[in-house]
Amino acid sequence: MENSMLNGWPIDPAVVIISLGIITILLLIITIICILQTNKLYRRYDYFMRGKDAESLEEIIIEQIDTIKELKNQDKINKDAIRNLSRNVKGSYQKFGMVKYNAFKGMGGNLSFAIALLDLNNTGFILNSVHSREGCYLYIKSVDKGETDISLGIEEKEALEQALGY
């Protein structure tokens, strides 16, 4: 075999044959691993599709998409309602102070009172009801940002301070 093609190579032909054998064994192992993983995936797919046909699975997916759209719409409606409620709350009277007092020392009971009602910006009014034997007199004074232009009585100041949280 002197004219053999393998004699012209600088590497021993046995090394080439052994390395090709090792590569063949590695490829066989990789093929077996791929077959096992494919079988495992097939079993999972079979379990997933068991009892379902493609149409019913498609219907379930479409139902889920419709449900998500409906929930997004409901979420938008709820956010709008919360925004409106928040806007309304800012304009409503949130702070309250009340002082009952006896306007005239000779009369029995604390029938007179001063009430302060303020919103979020400390704007509102003070209502003062003075009770006497002749009748009941009602006075109202406006409050802007916690201040009034009109001088306040002791009870009115106390009611305003209660509403402001002092």
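These numbered points concern side-chain pairings and surface features in a predicted model.

1. Salt bridges in general. The model holds three salt bridges, and they are taken up one by one in the points below.

2. Lysine 141 and glutamate 156. Glutamate 156 forms a salt bridge with lysine 141, in which the closest N and O atoms are 2.8 Å apart. This pair links distant parts of the chain, since glutamate 156 belongs to helix 3 (residues 154–164) and lysine 141 to strand 4, 15 residues apart. Both partners fall under the 20% limit for burial, because the relative accessible area is 3% for glutamate 156 and 15% for lysine 141.

3. Further surroundings of lysine 141. Strand 4, in which lysine 141 is found, covers residues 136–143. Apart from the salt bridge with glutamate 156, the side chain of lysine 141 reaches the backbone oxygen of serine 151 at 3.2 Å. Leaving aside residues up to four places away in sequence, lysine 141 touches Gly124, Phe125, Ile126, Ile150, Ser151, Leu152, Gly153 and Glu156.

4. Arginine 83 and aspartate 80 meet through their side chains in a salt bridge of 2.8 Å, N to O; because they are three residues apart in helix 2, about one helical turn separates them.

5. The aromatic pair. The count of aromatic pairs comes to one. The ring centres of tyrosine 93 and phenylalanine 125 are 5.4 Å apart and the ring planes stand at 90 degrees, so the arrangement is edge-to-face. Tyrosine 93 sits in the loop between helix 2 (54–91) and strand 1 (95–101), whereas phenylalanine 125 is in strand 3 (residues 124–131), so the pair ties together parts that are 32 residues apart in sequence. Tyrosine 93 counts as partly exposed, at 46% relative accessibility.

6. A nonpolar surface patch. Ile18, Ile22, Ile25, Leu26, Ile29 and Ile33 make a nonpolar surface patch of about 570 Å². One of these residues, isoleucine 25, is found in helix 1 (residues 13–49) and counts as exposed, at 53% relative accessibility.

Notes:
Residues are numbered from 1 along each chain as its sequence is written. This is a predicted model: local features need pLDDT of at least 70, side-chain atom pairs count only at pLDDT 80 or more; totals for chains, interfaces and linings use all residues. Side-chain values use heavy atoms; hydrogens and water are left out. Helices (H or I, at least four residues) and strands (E, at least two) are DSSP runs, numbered from the N terminus. A polar contact is a pair of N or O atoms within 3.5 Å; within protein, one must be able to donate a hydrogen and the other to accept it, and residues adjacent in sequence count only if both atoms are side-chain atoms. Contact means heavy atoms within 4.5 Å. Rings of Phe, Tyr and Trp (its six-membered ring) pair if their centres lie within 6.5 Å; planes under 30 degrees apart count as stacked, over 60 as edge-to-face and the rest as tilted. Buried means under 20% relative accessible area, exposed over 50%, partly exposed in between (1.4 Å probe, protein chains only). Patches are made of residues with over 30% relative accessible area and no salt bridge: like charges are joined within 9 Å, nonpolar side chains (Val, Leu, Ile, Met, Phe, Trp, Tyr) within 5 Å. Accessible areas come from the Shrake-Rupley method with a 1.4 Å probe; for residues, only the protein chains shown count as cover. A salt bridge is a side-chain nitrogen of Lys or Arg within 4 Å of a carboxyl oxygen of Asp or Glu.
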